[in-house]
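Here is a short report on one chain.

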Amino acid sequence: MEWIVARWITFVATVLATGTCAVALALLPRATDADGDARRLIARDSARIGIAAALALIPAAFMRLSDQLFALRSPGDAMFAGAVPLLTSTMWGNGFLWQSAATLLALAGFAHAHGAPAVRSRWIVPALGCLALCATPSLQGHAIGSETYTSLAVAVDIAHVTGAGLWLGAIGVIGLLGVAIPNGDGIVSPAHASRADARLRLLVPLVPPVALPGAALLLLSGMTATILKLTDVRDLWVETWGRYVLVKMLLVTIIVALGARNWRHLGPRMARADGVPALRRSLIIELLIALLVLLITAVLIVTPLPGEA
């Protein structure tokens, strides 16, 4: 159970960090309706979200490492007795070291970008770190252990996580930027509420050119990965792994439907007084379902593939 939670946190943080770079590099430069100060503050807060996401990866990584060591150690062994051979002599260890380096690169990059968030070139380093993070699941999951089409399976997994970051991650960052946090008394100041509403009005119309390619990448790579793992189409409803895949596909379809509704119906209503609250509620529902999708993804990694049970 701890491994699933740690993997879920890893997925959420990786997707959110990638979405942060997508917002800073692809959305903000097109936000020509906002003044320079507003764009700088959005970029600064985006960098803070990236820093928080990168920091969340650290305890999640140690949770997975501890769980792996506990599973491998013999009775009476010290807790970290097998750490060195695990990290240096196994594919899982190589993936762990890769993720650790990518996390540090992303964290340093986000901290550097926070110092001058409006400077676009400062976002190159965290973007490279996040791309490296997107490769991590493929190095520690079913893809790298595939006996056939291994290179394709790894590439598809990397594309899947990258697509999730561009789509769900960017929407998640926008959702966080559009939330007005109450003070200690539980009161949201009018200034903070107005700023949060203005950010949603500014950023939401800019989402489709980034989210649509991300969604297409996620869906196509997800279907390809599923086909590579199936031994028979009946595996989708006969095998436990297949049933999880079907549930995940259903939830992703709901997210797509909510996103289309936001774009076609709620987006044009944002100029009205009730438009932004309605969009914010829809975004919250969309993101809660996305969190459930990532949880199922974490469960899928520890679920035997068809033919392995």
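Which helix gives the largest share of the nonpolar patch? Helix α5 (residues 124-139) does, with four residues. Helices here are DSSP runs of H or I, at least four residues, and strands are runs of E, at least two, numbered from the N terminus.

This is a predicted model: local features need pLDDT of at least 70, side-chain atom pairs count only at pLDDT 80 or more, and totals for chains, interfaces and linings use all residues. Residues are numbered from 1 along each chain as its sequence is written, and side-chain values use heavy atoms, without hydrogens and water.

The chain has 11 helices and zero strands. Its overall values follow.

| Property of the chain | Value |
|---|---|
| Buried residues (under 20% relative accessible area, 1.4 Å probe, protein chains only) | 48% of 309 residues |
| Accessible surface (Shrake-Rupley, 1.4 Å probe) | about 14900 Å² |
| Carbon and sulfur share of that surface | 69% |

Leu105, Ile124, Val125, Leu128 and Leu131 make a nonpolar surface patch of about 430 Å². Valine 125 lies in helix α5. Why does valine 125 count as partly exposed? Because its relative accessibility is 34%, and partly exposed runs between the buried limit of 20% and the exposed limit of 50%.

Helix α5 also packs against helix α1 (residues 2-27), at an angle of about 145° and with axes 9 Å apart. Axes are lines fitted to C-alpha atoms over the stretch in contact, and angles run from 0 to 180 degrees between N-to-C directions. The contact (heavy atoms within 4.5 Å) includes Phe11 and Leu25 of α1 and Cys130 and Leu133 of α5.

Methods: Patch = residues over 30% accessible without salt bridge, like charges linked within 9 Å, V, L, I, M, F, W, Y side chains within 5 Å. Salt bridge = Lys/Arg side-chain N within 4 Å of Asp/Glu carboxyl O.
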